[in-house]
Amino acid sequence: MADGKAAAAVGLGVAGLAAGLVARSLVRKGRASDGDAPHPEGWKAVTVLGDAEAFRRGGYPEPLRRLADSLEVRIEPAPGDKGFEVHARFRADADPGSGDDPGKVLRAALRDAKQVFETGEVLRGTPRPHGERPRTLLGGAVDAAEDDAKGEGVL
């Protein structure tokens, strides 16, 4: 009798999981993007807490400053008076250089400039606060994912 109840519970769980995955795929199809689709005009944006004039003063924070000559930059108030938004894109005549994907380069520069402005440093997950750790198979995969994620994802 207990085996029948366990099998029914597992079956119900699997059915619930399948229904959830189907619902998720239907919701994703209904919208054009999850917030990270390429902008048709190449703009990337990040919301920064603080004063926009302090952000502009003396040039932009690193590493956005390194790219500033190649960029068009707009600074606008953020919705709900929550800081400001920095919108940037490479100018049509600019060469982003380095051979990397320009979108990733710009995304990383915006993310790092936001962190420098808000905290005074670029926050890193590695090396860990407790020092070096031995390389393991799973640890190496996590480190690689952290390194690759720098230029990916929603700002």
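These legends go with several close-up views of one predicted model. Residues are numbered from 1 along each chain as its sequence is written, and side-chain values use heavy atoms, without hydrogens or water. Because the model is predicted, local features need pLDDT of at least 70 and side-chain atom pairs pLDDT 80 or more, while totals for chains, interfaces and linings use all residues.

**View A. The largest nonpolar core has 18 residues.** Such a core joins buried Ala, Val, Leu, Ile, Met, Phe, Trp, Tyr and Cys residues through side-chain atoms within 4.5 Å; buried means under 20% relative accessible area (1.4 Å probe, protein chains only). Phe55, Leu64, Leu71, Ile75, Phe84, Val86 and Leu110 touch the most other members. Among the elements supplying at least two residues each are strand E1 (44–48) and helix H2 (52–56); helices (H or I, at least four residues) and strands (E, at least two) are DSSP runs numbered from the N terminus. Helix H4 gives the most, five residues.

**View B. Phe55, Tyr60, Phe84 and Phe117 form one aromatic cluster.** Rings of Phe, Tyr and Trp (its six-membered ring) pair if their centres lie within 6.5 Å; planes under 30 degrees apart are stacked, over 60 edge-to-face, the rest tilted. Phe55 and Tyr60 make a tilted pair, 5.7 Å centre to centre with 45° between the planes. Phe55 is buried, at 2% relative accessible area.

**View C. E2 and E3 form a hairpin with six residues between them.** The strands pair (at least two DSSP bridges) in the antiparallel sense over seven bridges. Glu72 stands opposite Arg89 in E3, and in the turn Gly80 has a positive phi of about 70°.

Technical notes: Buried means under 20% relative accessible area, exposed over 50%, partly exposed in between (1.4 Å probe, protein chains only).
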